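Could you show me around this structure, one selection at a time? I have it open in my viewer and would like to know what to click on next.

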Amino acid sequence: MVNEQDMKRVRRLLALLRAEGIDCIIAGGFARDVFFEASPKDIDIICGGVPHEVIATLFEETGTLTRSYPKYNGPESDRLAGVWKILDTNIDVILYEVPIALEAVGMFDYNLNQFVFNEETETSHYVGDGTWKRLVRLRDDARGSRQEKMEQKFRDLVEPALASYDEPF
């Protein structure tokens, strides 16, 4: 689960990445969980617009301890250029082969993850097409155990949120 140390560390990482001209945002499960007032398990920093070597070198030069994964086990269509797990934290840095980080959100596998976190207001908002009120698989390869996991997340997060409101959104 994300703790206060992770939040401090993620702010420093964002500042470090942005100081090097790397476009980055917090998006995905953390932002979704904040939106639904659930406890996030980790934080994904999504980056775009730079080669893999730029981030790898930055982490090496700054002594940031990571475990690096060139790609998730997935299709080439992911346009995913690299993943770094920041050791001893609940933070992942994920590089997509897109000009700006926000474009990566459109490549996520389910609409339920298309949330972006605003560090200034500490709030999240939905940036996907359509609505988050129903689960939509956005990529054909997001099936099996991944589909089951997302269906469970939808039941755990969205259905109670919809049931608790007397007024339409």
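This is a predicted model: local features need pLDDT of at least 70, side-chain atom pairs count only at pLDDT 80 or more; totals for chains, interfaces and linings use all residues.

**Stop one: helix 3**

Start by selecting residues 52-62, which make up helix 3. Colour Ile55, Leu58 and Phe59, the buried residues to look at here. They sit on the same side of helix 3, because the arc they cover around the axis is only 95 degrees.

What do the buried residues of helix 3 pack against? Show helix 1 (4-19), strand 2 (43-48), strand 3 (66-69), strand 4 (80-86) and strand 5, and you have the partners on screen.

Before moving on, click on Gly63, which follows helix 3 and has a positive phi, near 70 degrees.

**Stop two: Asp33**

Next, go to helix 2 (residues 29-35) and pick Asp33. Is Asp33 buried or exposed? Its relative accessibility is 5%, so Asp33 counts as buried. Leaving aside residues up to four places away in sequence, show what Asp33 touches: Ala38, Ser39, Pro40, Lys41 and Leu157.

Zoom in on Ile100, in the loop that runs between strand 5 (91-96) and helix 4 (101-105). Ile100 has a relative accessibility of 42% and therefore counts as partly exposed.

Key
Residues are numbered from 1 along each chain as its sequence is written. Side-chain values use heavy atoms; hydrogens and water are left out. Helices (H or I, at least four residues) and strands (E, at least two) are DSSP runs, numbered from the N terminus. Buried means under 20% relative accessible area, exposed over 50%, partly exposed in between (1.4 Å probe, protein chains only). Contact means heavy atoms within 4.5 Å. The arc is that of the directions from the helix axis to the C-beta atoms.
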